[in-house]
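Student: I would like to learn how to read a protein structure. Can we go through one together?

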Amino acid sequence: MRIGELAQRTGVTTRALRFYEAQGLIAARRSANGYRDYDEDDLQLVREIQTLQTVGLTLDETRPFVECLRSGHETGDSCANSLEVYRRKLEEADALLARLGGIREELAAKLAGALARQAPDPCVVPDAPRP
């Protein structure tokens, strides 16, 4: 299939596909007229890259998954290197969640302190009954 069809089938721009190729993640074969030619394996690689980026992996972090697929495994996370990326990303996510939890606690404490110090606003006039 040509680059346009691969782009359409994966929802990735042709520019992104060229970038993936430049990064060595996919490898197009060239037809006699110089057009890029892709197959179903490339389709699977691009879908794997997309899925992994959706869950927060960088393009570089997708490499072990791509290599795993290229080596003949059915899934990109069948190899030890891919599992290590999952472990590392989970550790990063846990650290971020812990940091966000601390920030939330600090903000809640600051808000509670500010509300406790707040006096009724003397500028607010209660609604007067209307005739």
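Student: Let me start with one residue. Is D42 buried or exposed?

Tutor: Keep in mind that this is a predicted model. Buried means under 20% relative accessible area. D42 has a relative accessible area of 4%, so D42 is buried.

Student: Where is D42 placed, and which residues is D42 in contact with?

Tutor: D42 sits in helix α3. Set aside the neighbours within four places in sequence, and D42 is in contact with L6, I26, A27 and R29.

Student: How do I check the length of α3?

Tutor: Compare an expected span with the model. The expected span is 1.5 Å times one less than the number of residues. α3 has 15 residues, so the helix should span 21 Å. Its end C-alpha atoms are 21 Å apart, which agrees.

Student: What is found at the start of α3, and what follows the helix?

Tutor: At the start, a side-chain oxygen of D39 comes to within 3.0 Å of the backbone nitrogen of D41. After α3 comes G56, with a positive phi near 105°.

Student: Which residues of α3 are buried, and what covers them?

Tutor: The buried ones are D42, L43, L45, V46, E48, I49 and L52. Their cover includes α1, α2, β1, α4 and α5.

Student: Now the core. Why look for one?

Tutor: In soluble globular proteins, nonpolar side chains tend to be buried together. Here the largest nonpolar core has 18 residues. L6, L17, Y20, I26, Y38 and V46 have the most contacts inside it. Helices α1, α2, α3 and α4 each supply at least two residues of this core. α3 gives the most, with four residues.

Student: Which residues is Y20 in contact with?

Tutor: Beyond its neighbours within four places in sequence, Y20 is in contact with V12, L25, I26, V46, I49, Q53 and L59.

Student: How many disulfides does the structure hold?

Tutor: First the idea. A disulfide is a covalent bond between the sulfur atoms of two cysteines. This structure holds one. C68 and C79 form it, with their sulfur atoms 2.1 Å apart. The link of C68 and C79 is right-handed, with 85° about the S-S bond.

Student: Which parts does this pair tie together?

Tutor: C68 lies in helix α4, and C79 lies in the loop between α4 and α5. So the pair ties together parts that are eleven residues apart in sequence.

Student: Are C68 and C79 buried or exposed?

Tutor: C68 has 1% relative accessibility, so C68 counts as buried. C79 has 16% relative accessibility, so C79 counts as buried.

Technical notes: Residues numbered from 1 in each chain as written. Predicted model: local features only at pLDDT ≥ 70, side-chain atom pairs only at ≥ 80, totals over all residues. Heavy atoms only, no water. Core = buried A, V, L, I, M, F, W, Y, C linked by side-chain atoms within 4.5 Å. Buried < 20%, exposed > 50% of the residue type's maximum accessible area, 1.4 Å probe, protein only. Contact = heavy atoms within 4.5 Å. Polar contact = N/O pair within 3.5 Å; in protein donor to acceptor, adjacent residues only side chain to side chain. Disulfide = S-S within 2.5 Å.
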